[in-house]
Amino acid sequence: GALDMLVENLLRLDDQEQEDADGTFLTLSGIENIIEFDAEYALKIDPSWFIDRISAKKDEVDSVMLFASEILAIHLQAHSTARQIDPKAPSSPFKKTKNMEKLLKSLARYKKKDPAPQDEEEYMQNLFDCTCSVLSGARTAVQETFNEVEGTQLLLLMLRQEQKDVTDIRNASDQLCRYIITHTIASVC
C-alpha cells in the first residue's frame with residue numbers, strides 16, 4: 001500500500017543531499033500522517049532505517065533526525081501496546097545489541113549537556129519516549145540487552161547531572177524500576 005511505497009522511497013533517498021533531504025522530509029511527513037491516522041500501521045514499519053537516522057553522527061539535530069525519532073517513538077509505543085495485548089506479537093528490535101547501543105548513544109549526547117531549545121529538546125524527548133516504550137513491558141532479552149550496553153548506568157548518570165528537566169529521565173528510570181521489581185518478585189515467588 002501507500003505506507004510500503006513511502007518506506008521504499010526512504011530507502012532510496014540519500015538525506016545527505018539537500019534535494020533528497022527535502023524528499024525524505026516530505027516522505028516522513030506522509031508516513032507520520034498515515035500512522036497518526038491509525039497507530040496499527042506503525043507496526044508494519046521496519047524500524048531499522050529510523051534507528052540508523054536517530055544515531056547519525058552529526059553535530060546538530062536536523063529535521064530528518066527529529067522526524068525519525070518521532071516516528072520511531074510512535075512505532076515503539078504501538079509495539080509496546082501490542083506486546084501487552086498479545087504476548088505473541090513480534091519481539092522488539094531492541095533485543096539486538098546494536099540497536100540498543102544506537103538508541104543509548106543518541107541519548108548519551110545529552111549526559112553532559114542540555115539540549116538546545118526546540119528541535120533538540122523534542123529530539124531528546126522522543127529518545128526518552130523510545131526508551132520508555134522499549135522498557136515498558138520489556139521481555140527479559142530486551143532488559144538484558146539494555147543492561148549489557150549500560151543503559152541503567154546512563155540513566156543514573158543523567159539523573160546526577162542536574163539538567164534543567166529530569167522528568168524524562170525519571171520516566172525512563174521508572175519504567176526500568178517497574179521492570180526490575182516485577183521480575184524480581186516473579187522470580188522469588
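Select helix H1, residues 2–12. Leu3, Asn9 and Leu10 are buried here, meaning under 20% relative accessible area, where over 50% is exposed and anything in between partly exposed (1.4 Å probe, protein chains only). These three cover an arc of only 120° around the axis, which puts them on the same side of H1. The arc is taken from the directions that run from the helix axis to the C-beta atoms. Helices are DSSP runs (H or I, at least four residues), numbered from the N terminus.

This is a predicted model: local features need pLDDT of at least 70, side-chain atom pairs count only at pLDDT 80 or more, and totals for chains, interfaces and linings use all residues. Residues are numbered from 1 along each chain as its sequence is written, and side-chain values use heavy atoms, with hydrogens and water left out.

**Next, the core.** Select Leu28, Phe50, Ile71, Leu72, Phe94, Met100 and Tyr123. Of the 41 residues in the largest nonpolar core, these touch the most other members. Such a core is a set of buried Ala, Val, Leu, Ile, Met, Phe, Trp, Tyr and Cys residues joined through side-chain atoms within 4.5 Å. Elements giving two or more residues include H1, H2, H3, helix H5 (97–108) and helix H6 (119–135). H4 gives the most, with 10 residues.

Zoom in on Leu28. Leaving out residues up to four places away in sequence, Leu28 touches Leu10, Trp49, Phe50, Val64, Phe67, Ala68 and Ile71. Contact here means heavy atoms within 4.5 Å.

**Then helix H8.** Select residues 151–160. Gly151, Thr152, Leu154, Leu155 and Met158 are buried. Look down the axis: the buried residues of H8 fall within an arc of 165°, so they line one face of the helix.

**Cysteines.** How many disulfides does a search of the whole structure find? It finds 0, a disulfide being a pair of cysteine sulfur atoms within 2.5 Å. Select Cys132: its sulfur is 9.5 Å from the closest cysteine sulfur, in Cys130, too far for a bond. Cys130 is buried at 0% relative accessibility. Cys132 is buried at 13%.

**Last, color by pLDDT**, the predictor's confidence in each residue, from 0 to 100. The protein averages 80, and 77% of the residues score at least 70. Among the elements, H3 has the highest mean (91) and helix H9 (residues 167–188) the lowest (58). Where pLDDT is low, the predicted coordinates should not be read in detail.
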